[in-house]
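Trainee: Could you walk me through this model? I would like to go strand by strand and then look at the chains together.

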There are 2 protein chains.
Amino acid sequence: MSDQPTACVLIIGNEILSGKTQDTNLQFLGFELAKLGIRLAEGRVVRDEPAAIIRHLNETRREFTYVFTTGGIGPTHDDITAECVAQAFGVPLDLNDDAVQRLQRSGRPLNDARLKMARVPRGAVLVDNPVSNAPGFRIENVFVFAGIPSIARAMFASAIPMLSRGAPILSASVDAFLREGDFAAALERIQQRYATVEIGSYPFNRDGRLGATLVARGIDRALLGKVVEEITAAITSLGGETHVP
Amino acid sequence: MSDQPTACVLIIGNEILSGKTQDTNLQFLGFELAKLGIRLAEGRVVRDEPAAIIRHLNETRREFTYVFTTGGIGPTHDDITAECVAQAFGVPLDLNDDAVQRLQRSGRPLNDARLKMARVPRGAVLVDNPVSNAPGFRIENVFVFAGIPSIARAMFASAIPMLSRGAPILSASVDAFLREGDFAAALERIQQRYATVEIGSYPFNRDGRLGATLVARGIDRALLGKVVEEITAAITSLGGETHVP
């Protein structure tokens, strides 16, 4: 999977780190990016502090094909993402006429706070927000989305046409009702034979029945089927039941 | 809050980035650390790749008072956290007699795969796991926990006596039924007057009623009460209803 585009999600917001809010955008983006053949390679969760946001933006935009930020693009004082992105790229934050027009559609008075949501780094293009009116934006390989999940999801859908895709990353899995320690050696031998397939073991406890979901991920559907077949045969030969979820 | 100990959570596992699994350990740790006066300052989500894990371990253990890792300490081939921690610290991975004894309690055959869970970096001390038997461990300022939430929580509880605490980070909040753009300026003026309090605005849509939860965080309970009072008065003067959650 080495020629897949890669991505990093930068989750911006004190509320995620304080425990107030459970992030769900990372899981959503990881799942959706895989369908587009883009490998979510890393996530970072950063506080509303300019120095930290700018540093992580600059580190990750150089390392990954795409960076998706969530959070911090509203009208309040703790919404500092756009300003930080501008600083990371060394460009001014400009009032964007198109964004102003979109905000006007809401019919609410366009005071300074609301106008802040129309300021984007110079060179950025807007990303549609069909849920509310304040847009996200893209500058080079960085996409800036809202933190509210319904809006982040809508912005991601708007951004899809802007993304280069790879071969979709597929998965196949089987549940094994056997303890990990009992099948780990057999599973490792299968992994060693299939370097292009990524095999993961995720233990579960279902009403006291211990087992693990064994997941094979890769871009070749037939090969994934073959790997899961071999895993199933190995589990069976060790006396474990299997179940295709 | 500048003299609080700080922490970073390093979430290790492809399943979190592929979208297969929703992480919940970050929120739990952020919430619990705040009670101990330890500020969760950053989170990172890393794939099961040695170079990435080692790099993030070394970056974060130097930057934060504590690093908590979750995931990758089971018996299967994709469990590589202990090995990576040893490499990050430049020490060998030793079989730990105490850990071997704990694993023996399970009554399962101690094959190579299970013995892997008894290998810890030289110099590490074990962290009890009252849920299953395989322990976590601590080396210097790095705590290594399982990824399964029930076990991660139990290991955190076991690790609490090893942590230096700060003044507990408290919060007070009020729900404002007013749009963020309508109160942002007033809220910013309040934030500017209270540098030691961190004020956040988190918009919501409750059955079509738009508003925001306004959260004040800090270590001085009386001051937080005063800030929330001022916020409430400001919202009211702008014609917004408020509700204490």
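Mentor: First a definition: a residue is buried if 20 or more other C-beta atoms lie within 10 Å of its own, exposed if 12 or fewer, and partly exposed in between, with C-beta atoms placed from the backbone. Helices (H or I, at least four residues) and strands (E, at least two) are DSSP runs, numbered from the N terminus. This is a predicted model, in which local features need pLDDT of at least 70, side-chain atom pairs count only at pLDDT 80 or more, and totals for chains, interfaces and linings use all residues. Residues are numbered from 1 along each chain as its sequence is written, and chains are lettered from A and ligands numbered from 1 in the order in which they are written.

Trainee: OK, strand E3 of chain A. How many of its residues are buried?

Mentor: Five of the five, across residues 66–70. Tyr66(A), Phe68(A) and Thr70(A) point one way from E3(A), while Val67(A) and Thr69(A) point the other way.

Trainee: Why do side chains alternate in a strand?

Mentor: Because in a regular strand the side chains alternate between the two faces of the sheet.

Trainee: Which strands pair with E3(A)?

Mentor: Strands pair here if DSSP finds at least two bridges between them. Strand E1 of chain A (residues 6–12) pairs with E3(A) in the parallel sense over five bridges, and Cys8(A) stands opposite Val67(A). Strand E8 of chain A (residues 142–145) is also parallel to E3(A), joined by four bridges, with Phe145(A) opposite Thr70(A).

Trainee: Switching to helix H2 of chain A. What do its buried residues pack against?

Mentor: In chain A, E1, strand E2 (39–46), E3 and helix H7 (149–159); in chain B, helix H1 (14–17) and strand E2 (39–46). The buried residues of H2(A), residues 25–35, include Leu26(A), Leu29(A) and Leu33(A). Contact means that C-beta atoms, placed from the backbone, lie within 7 Å. Just after H2(A), Gly37(A) has a positive phi of about 75°.

Conventions
Contact = placed C-beta atoms within 7 Å.
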